[in-house]
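Please keep the sequence and the structure in view while reading.

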Amino acid sequence: MRFYHHSRNLTCRDPQGAVPAGTDVKLTLDILEAAEDVSFSLAITLGGQDLLLPMTVGRGRALAATAAITVTMPDVPGLCHYYFVIRRGDRVWYYGAGSGEGALGHDLPPAWQITVYRANYATPRWFCESLCYQIFPDRFARSDKELARKRVSERAASGRAASFHEDWTAEPDYRPNMGRPYYAPDDYFGGDLAGITEKLPYLKDLGVTCLYLNPIFEAFSNHRYNTADYLAVDSILGDQADYDNLAREAGKLGISLMLDGVFSHTGDDSVYFDRYGRYGNGACGGQDSPYYNWYHFFRYPDQYECWWNFNTLPNVREMEPSYLDFITGGEGVLAHWQKRGAMGWRLDVADELPDDFIRALRTRVKAENPEAVLLGEVWEDCSNKLGHEGRRAYVDGDLLDSAMNYPFRDAVLRFAAGQADAFDLNEVLQTLRENYPAPFWQACLNLLSSHDEVRALTYLSGAPHRKTVTRETQAHFKPKPEHAAFAKQRFLLATALCLIHTGVPCLYYGDEVGMEGMGDPFNRRAYPWGNEDKELLEAVRTLTLLRAESNALRRGCMRMGALGRDIFAVLRYTVGCGDSGAPSVSEQEVVILLVNASQSERNVILYPGLLVEGADATQPVMLAGQYKDLFTRETVQIGEVYTGTLAPFETRVLRKT
C-alpha cells in the first residue's frame, strides 16, 4: 500500500500551518493505489484528549482515492498532534512524520503538529517590516576619548575593577586581568550613547529602522548583564540626557530603540542585592530590606540561588509581588523607559522566566504602547519548547511577540558553509513556518551573528566550534587561505537569505564591514571605523536598501525551496497577500533570490509552480517580465520559467522592473 500526506502542502492540510483557536482544519490522506477492505482513522490529540476518529474515503484527485476528515481545533491555545492509522483485518499500519511527508510503518510514528493560537493575536506591523541592528554599546562608537578615560577612572576609584583601552583597535582582554588569577569582563573601550547618536546617519544610510541595544543600565561589567540599577544609565555610557537625546534623534530618522531587559537575575553589586554594602539597603544588608524577598537564600547572607551558579548573578523570584510591581507596575522599569522612547524589549534568557511573569511583562508593555514589541531570547523552536512547568506558551498570543531566531541562523550558516544541503535548509525553514503562528513568524528576529555566538564571517571561514578550543586559540584563529577566499561570498549568500526571507533581519554591528571573531569576547571587538571592508559594505547595503524600499520584501508573500542539493530559491511578491489595494498579477512586484552554496557552477531552473509548500503557494505570481540583477546591474528577460547558471558561491538577486 502507498499513501501520501504532506503537512506543508495545501492539498493535504487546509489551512496551512498554525491556526487560530476554533479553526476547522481539513486533513487528507491520498491513497495512491487500490486498497480493498481497508479502514482509515485519524489519531489526534485535541485539548489534551487522545482521540481516534474515522475518516471518509472518497474519489481522489488522481489515482485511487482519498481519506479525509475535518477537525475543529480547540478554543484554547496549545498543540495538537496527529497521525493516520490504517487497518486491514487484524493488521495495523501507521503513517506519520514530525513535519512534511509521512512514512508508513508498523510502529507508532512521529506525529505532525498543529499549533493553535489566540484568534486576536497580532504583532506590531512596523517591527515586522523593520531592519534591526544590534549594538554592544561599549564597542560600537565612543564620542570622546578623554571623557571615556575619565568615566572608567571614576569607576575604578569607586572600588570596582575597571580598565581602559587607550587603543580602540586593541584586542579585548581574555587572559587573567587586573592582577587577578582569572579573566573578568571589566575592560572598557568607552563606547557610549553619544557615540551611537553620532553614528545614526550611518545607520540610516544602511536602511536600519530598529536599534537593539545590549544592556545600557548601570552595571559593573562591559556586558552589563549584571544589573546594578534598572532606572539609571550606566555612567560609562553617559546619563539620562544622553539616552533621551539618542531616542529623540533616532526617532527623527525613523529608527526605534529596543532595550535589553535582564529580569531573571541582578548583579550582586547592586542597589537590590548589595553584597558589598555599597548602597546600604540591599538584601544582604538585613532581612528587613525591601529587596530581601526578591532572592532565595539557602544560608543568609552568603549562600543563595544564582544564575548558572555564578555567585555574582543572584537569581530573583520573579513572581514576588514587590519585584513584579517594580518591573511591571505603572511606575515600574518597563513604564519608565517606554515613557522615554523605548519601543521594545528583548528579554534575556526568556526561557528562564515563568510564563506568568512574561504575561505580566506583556500586559505592561502593551498598556504603555500597543505598538511596542516584546521579543524573547529562546534558542529553540518556540512552539514546542518544554520547561519545568510544561510546554512554554511563547507563541500562544499572550506572551511574546516573537523571538530571536537561532534555528534560522544555524540552518542558514550550515548551508552556506557546506555542512548541510539545500533540502536540509528547506526542511528547517519550512518547519518553523509551519509551527509558528503567522504573526509570530513574521516578527522573528532573523540573525546570523550575536554577542553570544561566533560571528558569521568567522563561522564561514572554517572556524572550529568555540566550545572545543581555548580562548588563546580563539584569539589567534586565522582561516586557511582556501577558506578565506570564499568566506565573503558565503557571508553575502547567508546575508541575502536573511534579508530576503520573511521576518525581521538583524545585523550584528560590524558584520556588514567584515568584522570577525569567535566566542565572547572576540565577537565583541570594537567597530573598525576607518578600516571597513568597503566592498563588502556596499554589497550588504545593496541588499539592505532593497529591503527598505521593497513592499515585496517587507510585507509580501514568500515561496521558497531547494532547486537541487546546492541551490536554494526564495521568491517574494506582493499580490494576493491581503494588502489593501494590492496590485493585479501583471503589476506585482517580484524579487527572486537564487544562491549556489557549492564550489562548482550549477544550472538553475526555477518554476514557481513547483514551490508549493506553505499557504502562500495559493497566491498567484507572474514570473514573466523584465528584471534587473542587483549586483551586476544587468537587465534580464524572464519567461514563465527562469533558466540560468550560477557561479560557485554566487548570490543572484533579480527584481522585476
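Helices and strands are here DSSP runs, a helix having at least four residues and a strand at least two, and they are numbered from the N terminus. The structure is a predicted model.

## Positive phi angles

R224 lies in the loop that runs between strand 17 (217-219) and strand 18 (227-233), and its phi is near 65 degrees, a positive value in a residue other than glycine. R224 counts as buried because its relative accessibility is 1%, and buried means under 20%.

D37 also has a positive phi, of about 55 degrees, although it is not a glycine. This residue is found in the loop between strand 4 (24-31) and strand 5 (39-46). Is D37 buried or exposed? With a relative accessible area of 72%, D37 is exposed, since the term applies over 50%.

## Cis peptide bonds

The peptide bond that leads from D14 to P15 is cis, with omega near 5 degrees, and P15 belongs to the loop between strand 2 (13-14) and strand 3 (19-20).

A cis peptide bond also joins D520 to P521, where omega is near 10 degrees. P521 lies in the loop between strand 30 (504-508) and helix 15 (534-549).

N315 is placed in the loop between strand 23 (310-314) and helix 6 (321-328). Its relative accessibility is 14%, so N315 counts as buried.

Which residues are in contact with N315, if its neighbours within four places in sequence are left aside? They are S264, H265, W294, Y295, E305, C306 and W307. For C306 there is a further detail, in that its backbone oxygen lies 3.2 Å from a polar atom of the side chain of N315.

## The second largest pocket

Rolling a probe the size of a water molecule over the atoms shows where empty space is left. The second largest pocket has a volume of about 580 Å³. Its lining is made up of 31 residues, and those nearest its centre are R433, A438, W441, Q442 and D616. The elements that give two or more residues to this lining are helix 1 (125-128), helix 10 (422-435), helix 11 (438-442) and helix 16 (551-555).

How many residues of the lining of the second largest pocket are nonpolar, polar and charged? The lining divides into ten nonpolar, eleven polar and ten charged residues.

How values were computed. Residues are numbered from 1 along each chain as its sequence is written. This is a predicted model: local features need pLDDT of at least 70, side-chain atom pairs count only at pLDDT 80 or more; totals for chains, interfaces and linings use all residues. Side-chain values use heavy atoms; hydrogens and water are left out. Buried means under 20% relative accessible area, exposed over 50%, partly exposed in between (1.4 Å probe, protein chains only). A polar contact is a pair of N or O atoms within 3.5 Å; within protein, one must be able to donate a hydrogen and the other to accept it, and residues adjacent in sequence count only if both atoms are side-chain atoms. Contact means heavy atoms within 4.5 Å. On a 1 Å grid over the protein atoms alone, a cavity is a set of points where a 1.4 Å probe fits but cannot get out, and a pocket is an open set with protein on both sides within 12 Å along at least five of seven lines; lining residues have an atom within 4 Å of a point. Grid points are joined across faces, edges and corners, and a volume is the space filled by probe spheres set on the points. Ala, Val, Leu, Ile, Met, Phe, Trp, Tyr, Cys and Pro count as nonpolar, Asp, Glu, Lys and Arg as charged, and the others, Gly among them, as polar.
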